[in-house]
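This report considers charged side chains that pair with one another in a protein chain. Please examine the sequence and the model below before reading on.

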Amino acid sequence: MKEEEGLVIAVDEKRRTATVKIGKHDECVECGACGGSRHVMVEALNSLGAEAGQRVRLRSSEQNMLLGAFVTFIMPLLLAGLGGLLGSLAGGSAASGAYMPMAGAALLGFLLGVVLVKRYDRHVSGQASLQPEITEIVS
């Protein structure tokens, strides 16, 4: 389990969640995939009833972070490579200049990967067990 501290920005009473601004940790410094340059917004379960403006401590599973990173970054590339391989097998040899089937299949594989990332994101956002949870109100 990984623990971090952050600042509650907004609270959704209906869903019992809070939007928390946390600083980037060591794993995120070189990534650049997140929108914020120094901070990341996280939606966390708010079972303690934290309010906007309070500093809180969050706990999240490292396994979820690794799975999310794989699905987001590696899976589309693997599907593009697999699509390119299948396209080259179906379209003949590259020596004869038949690159279009290979490129088209690689593009389709990549687009399939992007669609699967979007579906995974919707699936994960609906599961409370995969979300970070506020474990302590610091101030």
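## Salt bridges

A search of the whole structure finds four salt bridges (a side-chain nitrogen of Lys or Arg within 4 Å of a carboxyl oxygen of Asp or Glu). The model is predicted: local features need pLDDT of at least 70, side-chain atom pairs count only at pLDDT 80 or more, and totals for chains, interfaces and linings use all residues. Residues are numbered from 1 along each chain as its sequence is written, and side-chain values use heavy atoms, with hydrogens and water left out.

Arg57 forms a salt bridge with Glu5 at 2.5 Å, N to O. Arg57 belongs to strand 4 and Glu5 to strand 1 (residues 2-12), so this pair ties together parts that are 52 residues apart in sequence. Strands are DSSP runs (E, at least two residues), numbered from the N terminus.

Arg57 also meets Glu136 in a salt bridge of 2.7 Å, N to O. Glu136 lies in strand 5 (residues 133-137), so here the parts tied together are 79 residues apart in sequence.

Conventions
Helices (H or I, at least four residues) and strands (E, at least two) are DSSP runs, numbered from the N terminus.
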